[in-house]
Amino acid sequence: MRRARVAAAGLVAAVAAVLGACAPPPASGPELATGAGSGGRAAGAGSDDPAVAPDWVAPSTDLPWAPCPAHRTTDVPADAELECADHSGSTVVRLTTARTPEQAPPLVVVGGPENPALEFGVRLATGGTELTDAHPVVLLDHRGRGEAAGSCLTPDARYTLDHLADRGADPGSPEARGALADASQACTDELIGRELHFGSAHAAEDLETLRSAWDVPGLAVLGVGTGARVALAFAAEHPDRLSRLALDSPAPLEGDQEAAARAALDGSDTALRLWAAACGREACGPEDATTRVEAVTRALDEARTPDAAVPAALLSDVVRSALADLAGASSPTAGPGDRILGELVAARDGEVPASVRTRAADLSHDSLSYVAGCSDLPRRVPVNRVLELADEWSENPPFGEILAAQLAACSTWPVPSPTPLEVSGPTPVWLVSGVADPVAGAGTLEPTAGLLTAAGARDVRTVAWGAPGSRALLHSSCVRGELVGFLADPGSGESDAACPS
């Protein structure tokens with residue numbers, strides 16, 4: 001298979017220059033007393049490695065597939081087919097084309113709470129067909145989306161979370177602590193006894209029930225973003241049921257809230273500056289990099305007033321979600337993130353573009369990211385540390401103080417037990433990451449590969465995507481081609497590959 005290469009010297013220099021102005025290296029926060037168990041195997045427990053990974057085959061029995069709702073699939077190309085089914089209370093989506101081999105084993109995709117299965121399936125369908133020309137793609141939604149965990153935040157609770165970064169707010173004050181307790185109670189009252197059942201460790205069990213329903217020896221699983229935690233929890237709990245493991249832009253894996261926030265600050269700042277310097281499309285707004293960064297910085301600063309149309313914490317989430325959805329330079333069209341950022345840059349002072357308001361509304365209607373995200377953090381930042389970090393990160397605009405303030409969001413949520421990071425040696429692993437991810441951080445490919453190796457993986461194949469952003473599969477035909485090659489024969493080809501931006 002042809003391996004795309006890039007001349008990376010200029011890009012590496014640019015990343016290094018930006019990183020020099022970013023947050024300090026990650027540091028582990030304190031570990032708090034844990035509450036209810038995670039549902040996974042106890043930390044430190046082991047299992048005997050199987051001699052080889054289980055066979056990857058087509059299902060012996062299948063789910064009762066039916067057409068997905070037509071009003072939610074209007075953007076799907078005519079040659080693609082999206083079918084839906086229910087599995088353990090969660091939506092499952094199958095994407096195929098007329099060219100998909102009938103007896104090809106399916107690739108199972110878990111995208112975490114931030115990637116609803118049907119929306120993600122539509123996005124995959126509108127990209128290239130490299131994957132579906134080789135395999136059916138089955139997307140398993142994160143558990144809880146269609147139940148209380150997906151809608152438990154009340155308007156008052158949402159207001160509290162969205163206004164955490166208002167100028168002068170003190171997360172340690174009695175008023176703020178009470179409001180945060182009320183916000184978490186809005187969900188815990190709905191989830192009595194199941195507060196921690198929507199983290200990655202429990203969500204991984206939905207993969208095992210899917211494997212059992214299909215009656216197959218093992219699954220090939222692709223974890224995207226925070227979905228990587230689900231895929232790795234499955235790897236730890238069911239090492240003899242994983243045929244292939246692929247990870248696209250994995251979020252921080254170790255459950256350390258402060259380290260994850262530092263990575264997010266580093267990745268968000270780097271991604272913004274690289275996008276501002278490199279995007280030459282008209283959709284990206286004025287072409288001067290300094291103007292772009294200053295416009296985003298000004299918008300976030302102005303949003304820190306209590307009467308802002310989109311509060312700073314929510315606007316930061318909008319901007320960072322856009323930075324995660326950028327089209328690389330080789331893409332023929334701008335990505336959704338490029339257009340949102342471009343409209344924000346081009347807006348007049350005080351104006352909030354419609355695209356920003358729409359994305360903000362989508363994010364504010366989602367409770368699952370809060371419930372699942374807090375349930376994956378066994379090591380929390382104490383509230384008194386939040387103000388220290390806000391002061392420390394004030395030197396890192398536009399995201400520093402806002403991300404520090406948002407650390408308080410999970411302070412009153414129950415604390416899970418740690419989930420072990422373990423990968424069975426015979427399981428082949430494939431990993432792709434861009435140069436700067438607003439969740440995972442900047443320059444994370446080699447450190448993440450090192451974590452996987454330390455967790456037991458003996459064969460980790462990496463692909464460096466030379467662009468900022470996340471979900472590289474959506475934006476790069478080269479990355480999709482590399483994954484197809486890995487799935488076909490994990491032992492073939494080179495262990496390290498690169499794809500152009």
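**Close-up views of a predicted model**

Figure 1. At a relative accessibility of 1%, Cys 374 counts as buried. In this predicted model, a disulfide joins Cys 374 to Cys 410, with 2.0 Å from S to S. The link of Cys 374 and Cys 410 is left-handed, with -80° about the S-S bond. Cys 374 lies in helix α12 and Cys 410 in the loop between α14 (400-406) and β8 (429-433), so the pair ties together parts that are 36 residues apart in sequence. Cys 410 also counts as buried, at 9% relative accessibility.

**Figure 2. Cys 152 and Cys 187 form a disulfide.** Their sulfur atoms are 1.9 Å apart. The torsion about the S-S bond is about 85°, so this disulfide is right-handed. Cys 152 is in the loop between β5 (137-140) and α3, and Cys 187 is in helix α4; the pair therefore ties together parts 35 residues apart in sequence. Both cysteines are buried.

**Figure 3. Cys 478 and Cys 499 form a disulfide.** The sulfur atoms of this pair lie 2.0 Å apart, and the link is left-handed, with -75° about the S-S bond. It connects distant parts of the chain: Cys 478 in helix α17 (residues 477-488) and Cys 499 in strand β12 (residues 496-499), 21 residues apart. Cys 478 counts as buried at 17% relative accessibility, and Cys 499 is buried with a relative accessible area of 0%. In the whole structure, a search finds five disulfides. Counting bonded cysteines along the chain, their pattern is 1-2, 3-4, 5-6, 7-8, 9-10.

Figure 4. Helix α9 (residues 312-323) and helix α11 (residues 354-364) meet at an angle of about 105°, and their axes are 9 Å apart. On α9 the contact is made by Leu 314, Leu 315, Asp 317, Val 318, Ser 321 and Ala 322; on α11 by Val 356, Arg 359, Ala 360, Leu 363 and Ser 364. Seven residues of this contact are nonpolar, two polar and two charged.

**Figure 5. Helix α3 has buried residues that pack against other helices.** In α3 (residues 155-162), Ala 157, Arg 158, Thr 160, Leu 161 and Asp 162 are buried. The buried residues of α3 pack against α4 (174-188), α9, α11 and α12 (368-374).

**Figure 6. Residues 1-49 have a pLDDT below 50.** The protein chain averages a pLDDT of 90, and 90% of the residues score at least 70. Over residues 1-49 the pLDDT is below 50, and this stretch has 104 contacts in the model beyond near neighbours in sequence. Where pLDDT is low, the predicted coordinates should not be read in detail.

Terms used
Residues numbered from 1 in each chain as written. Predicted model: local features only at pLDDT ≥ 70, side-chain atom pairs only at ≥ 80, totals over all residues. Heavy atoms only, no water. Axes fitted to C-alpha atoms, helices over the stretch in contact; angles between N-to-C directions. Helix = DSSP H or I, 4+ residues; strand = E, 2+ residues; numbered from the N terminus. Contact = heavy atoms within 4.5 Å. Nonpolar A, V, L, I, M, F, W, Y, C, P; charged D, E, K, R; others polar. Buried < 20%, exposed > 50% of the residue type's maximum accessible area, 1.4 Å probe, protein only. pLDDT = per-residue confidence, 0-100. Disulfide = S-S within 2.5 Å.
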